[in-house]
Amino acid sequence: MEDLRTTLLARRTFLRGAALGGVGLAAAAVIGCGDDDDDDGAGPAATTAPLTATATPTASTGAATATPTAAAAETVKTGSITVAVQSSVGETLDPNSTAAIASDYAGIFDQLLRRDPRTNQYVPEGLATSWEFDTNNQTRWVFNLREADWNDGTPFTAEDVKFTLEYITNPDNKSRLISRLNTVDSVEVLDPRTAVVVTKAPDPILDRRMISSWVLPKHIYEDPDRGAEWQALSGKPVGTGSYVVDRWIQAERTDLVASASSWRGNKGIIEATGANITEGSTRASAFEAGDVAAINAPLLEVARLQGLHNGGVSAAVNVSNAHTNFSVEYHEGPTSDLRVRLALAHALDNVTYAGLYEGFAEEMQGQQLTRTDFGFNPNVGPYGYDPDMSRTLLRDAGFGNGFDAPIGQLTGNDPVVDAHTLAVKDAFDEIGLQASIVNIDVSTWRDHIYGRTPRIMIERWAFSGIGQHDAAFALSWSEGSQPSKFYANADFDRAFNEAIQTMDTDAREKKFWEAVQVMHDDPPAVWSTTRPSVVVWRSDQYDLSLWERPAVFFDQIAVV
């Protein structure tokens, strides 16, 4: 461990940018986010069956009705906040342009549903007040909608829901959210406050999918004088959220002010700024100077930052299922042999690697799911660090003298990530392989994950899954019909495809357990550690609770 920390510290740099003023925030270049890269008329007549089957409250569907909370009696303190949380500012203000669920989008727009990842329950901050599926036709979901207005005064109706889902699922519109809603077949409007979403097959997580997308204003998109481009680039997008845009500097900052027409309101933040500061140490400098109140903190800086501002600083891991794995070429070459893949799995000292993340990470449990994922199989555990077993497996497979083992990773500037990959290379060298690190850019990585170009034999993938999609999203990358062709296991495909159409939660979970067990026994990847994202904030000034994606909802922050 000491050697790894020495490596880590040798790469550590403190790039102190100019202090960022409260009004004049300097911007770094935009870096694409890995979690952007999973894209791939009237409906039928309404059923005559009674729509009485309320979705069962579970880890997968949550409560079917969001219960309003009582309004606070005391006077609410008001104030402003500036955050520099990665992905908080986009190249455009079109939420279809990225799969990221960012804080500024969350301030401007609303989801149909919002879910608190800490309690695993839905909360009353979505445009839907209740929802249910028809037990006689499980492809039909009814969403009852609240009274709300767009910030230009136009009433929000079920027509906006229909327009949104049809817009996102139309490939011509090139929405980056299309894969989030790829089970939607059609949408019906029963009345202004009721929308029926019809899926192509039973989809037990349709409600979770609603968390992934923002409801769009039909009247703006269909206005010949405005339209989608105006909404994205004018700097004055129309939404139903708690805030409206006061100023937007493309890829640099979004200044928001409380909306006078918001149905939700806020808890005291009447002005909010999302600042795009992509370089970690520059974010840390801005926080230290007091120019921003919350940041995604570089892991090596967290302890120091917690000691600032007279100790009025808190740090916590953003609720996430992100993790690091190393995908392995399954179909050809030495790693097409199961014994070789298991040798790679036993070569990794993942407990030690987790320590590189300053105590915020843990060893993965021999599967692609983290403990926070619905579908996590508690009966599957880590492979165990055993380099002697790795050498034996390699000899049995006919590779006692090793082989060349390139490890591809996205070119980056995170010293913890670099040290982790270097440690994995050293582990493979230790069992007799000739490992090397190959840096690749984002475009090359995208081509690899979609199967457009040949992948490197072993490829680091910092998977940033979407927790509300549970196992269905995380495991879908390995399903055999995917164009990336990561995997080819019929037993896995059978269990997975049965699971994603099983509406009963307990039965669905057991099917996911079966799929996970198959993948554990016949791995297409080696899973290493969870990948923490740590947010540091001024807890002496703000009562701030972390969510999943986005990490911060401005309307949920209170002024201390």
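Which residue in strand 5 does Ser-130 stand opposite?

What we have here is a predicted model. The mean pLDDT of the chain is 85, with 84% of residues reaching 70 or more. Please be careful with residues 2-63, though, where pLDDT stays under 50. The model has 160 contacts beyond four places in sequence for that stretch.

Now, back to the opening question. Ser-130 faces Asn-144. The two strands involved are strand 4, residues 128-134, and strand 5, residues 137-145, and they pair antiparallel over six bridges. Two residues sit between them, and together the strands make a hairpin. On from there, strand 5 is also joined to strand 7, residues 194-199, by five bridges, again in the antiparallel sense. In that pairing Phe-143 has Ala-195 opposite it.

Phe-143 turns up again if you look at Leu-112, because Phe-143 is one of the residues that Leu-112 touches, along with Leu-127, Leu-145, Val-161 and Met-210 among others. Leu-112 itself is in the loop between helix 2 and strand 2. Is Leu-112 buried or exposed? Its relative accessibility is 2%, so it counts as buried. From Leu-112 to Ser-213 is 101 residues in sequence, and the C-alpha atoms are 8.1 Å apart in space.

Next, strand 10, residues 269-275. Five of its seven residues are buried, so this strand is largely enclosed by the rest of the structure.

Let's go inside. The largest nonpolar core holds 59 residues, and Phe-428, Leu-433, Ile-458, Leu-475, Phe-492 and Phe-512 have the most contacts within it. Which helix gives the most to this core? That would be helix 9, residues 338-347, with six residues. Another core, of 31 residues, lies apart from it and includes Leu-93, Ile-269, Val-552 and Ile-557.

Why do we call helix 9 largely enclosed? Eight of its 10 residues are buried, so the rest of the structure surrounds most of it. Among the buried ones are Arg-341 and His-346, as well as Val-340, Leu-342 and Leu-344. At the start of the helix, a side-chain oxygen of Asp-337 comes to within 2.8 Å of the backbone nitrogen of Arg-339.

To finish, some rings. The whole structure has 18 aromatic pairs. Take Phe-163 and Tyr-167: their ring centres are 5.6 Å apart and their planes are at 35 degrees, so this pair is tilted. Both are in helix 3, residues 158-169, four residues apart, which is about one turn of the helix. Phe-163 is buried at 14% relative accessible area, and Tyr-167 is buried too, at 13%. Phe-492 and Phe-496, by contrast, are stacked, at 5.8 Å centre to centre with 10 degrees between the planes. They are both in helix 15, residues 490-499, and both are buried.

Notes. Residues are numbered from 1 along each chain as its sequence is written. This is a predicted model: local features need pLDDT of at least 70, side-chain atom pairs count only at pLDDT 80 or more; totals for chains, interfaces and linings use all residues. Side-chain values use heavy atoms; hydrogens and water are left out. A nonpolar core is a set of buried Ala, Val, Leu, Ile, Met, Phe, Trp, Tyr and Cys residues joined through side-chain atoms within 4.5 Å. Buried means under 20% relative accessible area, exposed over 50%, partly exposed in between (1.4 Å probe, protein chains only). A polar contact is a pair of N or O atoms within 3.5 Å; within protein, one must be able to donate a hydrogen and the other to accept it, and residues adjacent in sequence count only if both atoms are side-chain atoms. Two strands pair if DSSP finds at least two bridges between them. pLDDT is the predictor's confidence in each residue, from 0 to 100. Contact means heavy atoms within 4.5 Å. Rings of Phe, Tyr and Trp (its six-membered ring) pair if their centres lie within 6.5 Å; planes under 30 degrees apart count as stacked, over 60 as edge-to-face and the rest as tilted.
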